[in-house]
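Take a look at the fold as a whole before turning to single residues.

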Amino acid sequence: MTDLADRTGPDAVTDASERPEGLRGRRIARWSAVALLGAVGVAAIVLSIGYGLGTGSMPGPGLWPFIAAVVLLGATVVVAITDSLDDYESWGTSSVRTLIALASLVVFAALFTLLGFTVPAMLLMLLWLRMFGDMRWRTAAPLAAGGAIALFLLFDVVLGVPLPRDVLMTPLTSWM
């Protein structure tokens, strides 16, 4: 068997994903995904136990998150054993968008506790509509504002889901 670098002619490797550096990048992506999912699963198990699992007749608030975390951890093990490198792309400049999306969710969670739902939801929707939807500002801005307000009204007013005090909508909906 010849080394990939030694191949020439019609069977030469021309696809970058088949080169050794492309395979290495996909291996890194695969094991990074497995490590991240495993860490999230373990952290969720620990946190859910902290909420209390309860008993069989009186389940605690951490029971369903615990079950979901165990399923996530089990799925992670299955992925680690059965997944092939063909399912992954090597990390590159296009991966930055994925990292920005994940970071924006962390920022959303932090702002949610400080400002309520509407403002962080508008910012998140605006970012995602511009970045993933390739929308213009004049289209994305009204959609983000309308979507955030509609979701706030749906969850807070219609469904009665308790949300933290919202700097934008609480003064407007306090009469409802």
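Read from the N terminus, the elements run α-α-α-α-α-α. That gives six helices and zero strands. The model is a predicted one.

Consider the chain as a whole. Of its 176 residues, 21% are buried. The accessible surface is about 11900 Å². Carbon and sulfur atoms account for 70% of that surface. Now take the contacts between residues at least 6 apart in sequence: 51% of them join residues at least 24 apart.

Next, the aromatic rings. A pair of aromatic rings is described by the distance of the centres and the angle of the planes. Rings pair if their centres lie within 6.5 Å, and planes over 60 degrees apart count as edge-to-face. By this rule there are four aromatic pairs. One of them joins Phe108 and Phe117: the centres are 6.3 Å apart and the planes stand at 90°, so this pair is edge-to-face. Phe117 also pairs with Phe112. Here the centres are 6.4 Å apart, the angle between the planes is 85°, and the pair is again edge-to-face. Is Phe117 buried or exposed? Its relative accessibility is 12%, so Phe117 counts as buried.

Finally, move to the loop between helix 4 (118-131) and helix 5 (137-158), where Asp134 sits. Asp134 is not a glycine, yet its phi is positive, at about 50°. With a relative accessible area of 62%, Asp134 is exposed.

How values were computed
Residues numbered from 1 in each chain as written. Predicted model: local features only at pLDDT ≥ 70, side-chain atom pairs only at ≥ 80, totals over all residues. Heavy atoms only, no water. Phe/Tyr/Trp six-rings, centres within 6.5 Å; stacked < 30°, edge-to-face > 60°. Buried < 20%, exposed > 50% of the residue type's maximum accessible area, 1.4 Å probe, protein only. Helix = DSSP H or I, 4+ residues; strand = E, 2+ residues; numbered from the N terminus. Contact = heavy atoms within 4.5 Å. Areas by Shrake-Rupley, 256 points an atom, 1.4 Å probe, with all protein chains shown as cover.
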